[in-house]
Amino acid sequence: MGDILVNTVQIPVPMIAYLIVSLIMLFAGVYGFLTRKNLIMILIAVELILNAVDINFAVFNRYLFPAQTEGLFFAFFTIAIAACETAVAIAIIINVYRRFGNAEVDNIHNMKE
Amino acid sequence: MAEQIIFYILAIVIVVFSILAVSSKLVIRSATYLLFVLIATAGLYLLLNYHYLFAVQIGVYAGGIMVLFIMAIFLTHKPGDTMKQRMSWKVKSSAALAVSGLLISGYIIIKNVVKVAGYLKGDEMSMQDLGHSMMGTQKYQYLLPFEVISVLLLACIVGAILIARKETGNDPKENVKDK
């Protein structure tokens, strides 16, 4: 046990450790997306999923192709698109709240009355 | 040595707070836990020597998106409201789905990813290189996606304003009444 602990802090961090972290984050996001009824909670879960994908882009770029920059730029553009998506989604949520009185998904049976 | 310890601390923070963020009862607490996850992710980028990505993560995610979330929560929730849960069989089945997906993907990763332990510890990418590859038009340079993102941002601003504005005077029913 002690040997394992000492080894873990001696060797450089393996790529698989980063991948496992982002994997757990992604499936936490999937779980939240499926179980929650609140629109803002669903949006938070989507943010978790997108963030996990960003970690994967950066890690694959750094570990496998350290001289190139594709993963880095994909992570940038993913962050920008996530910001756009959040802004539009929050506008929609505020509109839903104004129309239905709360921001739960099961109240919205049809898009237009 | 220090780097490994910092990585494992950040990993534990990310795992614990991302699970708490999707299982908390209060929506404002979920947003706070999401903020912790995003900041710890920025720390991972710093460990990978991507300093500009770290700055973007802090500025856009932990700054901009979190402010949007917190404003939206203030606008749509009364303080202290707990959220309604779905029926328990739905919670159980989605938990089973998430755990089985986690196990399958984890098995695939552990089986197939070669353990690239010591990577080439590249230096921080120089700002000049980054600017050249963001603003160039040749191969492996990204001017066109950059411009497309700017158009997308403009469309998002217009769309968000159009969706979220109050519909007064523009409602077709009211117009009919006026005539």
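**Contacts of B:Gly136: setting aside neighbours within four places in sequence, B:Gly136 is in contact with B:Gln141, B:Tyr142 and B:Leu143, where contact means heavy atoms within 4.5 Å.** The view is taken from a predicted model, in which local features need pLDDT of at least 70, side-chain atom pairs count only at pLDDT 80 or more, totals for chains, interfaces and linings use all residues, and side-chain values use heavy atoms, with hydrogens and water left out. Residues are numbered from 1 along each chain as its sequence is written, while chains are lettered from A and ligands numbered from 1 in the order in which they are written. B:Gly136 has its place in the loop between α5 and α6 of chain B, the helices (H or I, at least four residues) and strands (E, at least two) being DSSP runs numbered from the N terminus. With a relative accessibility of 11%, B:Gly136 counts as buried; buried means under 20% relative accessible area, exposed over 50%, and partly exposed in between, with a 1.4 Å probe and protein chains only.

B:Tyr140 counts as partly exposed because its relative accessibility is 45%. B:Asn49, again not a glycine, has a positive phi of about 65° and lies in the loop between α2 and α3 of chain B. B:Asn49 counts as buried because its relative accessibility is 16%.

A:Ala75 counts as buried because its relative accessibility is 0%. Leaving aside neighbours within four places in sequence, A:Ala75 is in contact with A:Asp54 and A:Phe57, and also with B:Leu53 of the other chain. A:Ala75 and A:Ile16 are 59 residues apart along the chain, and their C-alpha atoms are separated by 19 Å.

When residues up to four places away in sequence are not counted, A:Ile49 touches A:Leu26, A:Gly29 and A:Val30. Between A:Ile49 and A:His109, which are 60 residues apart in sequence, the C-alpha to C-alpha separation in space is 26 Å.

**A nonpolar core of 68 residues, the largest in the model, with members from chains A and B.** A nonpolar core is a set of buried Ala, Val, Leu, Ile, Met, Phe, Trp, Tyr and Cys residues joined through side-chain atoms within 4.5 Å. The residues with the most contacts inside this core are A:Tyr18, A:Ile40 and A:Phe76 together with B:Phe7, B:Leu44, B:Leu53 and B:Phe69. Two or more residues each are given to the core by α2 (15-35), α3 (39-64) and α4 (70-100) of chain A, and by α1 (2-23), α2 (27-47), α3 (51-76), α4 (88-112) and α5 (127-135) of chain B. Its largest share, 12 residues, comes from α4(A). In soluble globular proteins, nonpolar side chains tend to be buried together. A:Ile40, apart from neighbours within four places in sequence, is in contact with A:Ile93 and, in chain B, with B:Val27, B:Phe69, B:Ala72, B:Ile73, B:Thr76 and B:His77.

**The two chains as the setting of the close-ups.** Chain A has four helices and zero strands, and chain B has seven helices and zero strands. Of the 113 residues of chain A, 53% count as buried; of the 179 residues of chain B, 31% do. Among contacts with a separation of 6 or more, residues 24 or more positions apart account for 61% in chain A and for 54% in chain B. Chain A has a radius of gyration of 19 Å, whereas a compact globule of 113 residues would have one near 13 Å; the radius is taken over C-alpha atoms, and the globule rule is 2.2 Å times the number of residues to the power 0.38. Taken along the principal axes, the C-alpha atoms of chain A fill a box of roughly 65 × 35 × 15 Å.
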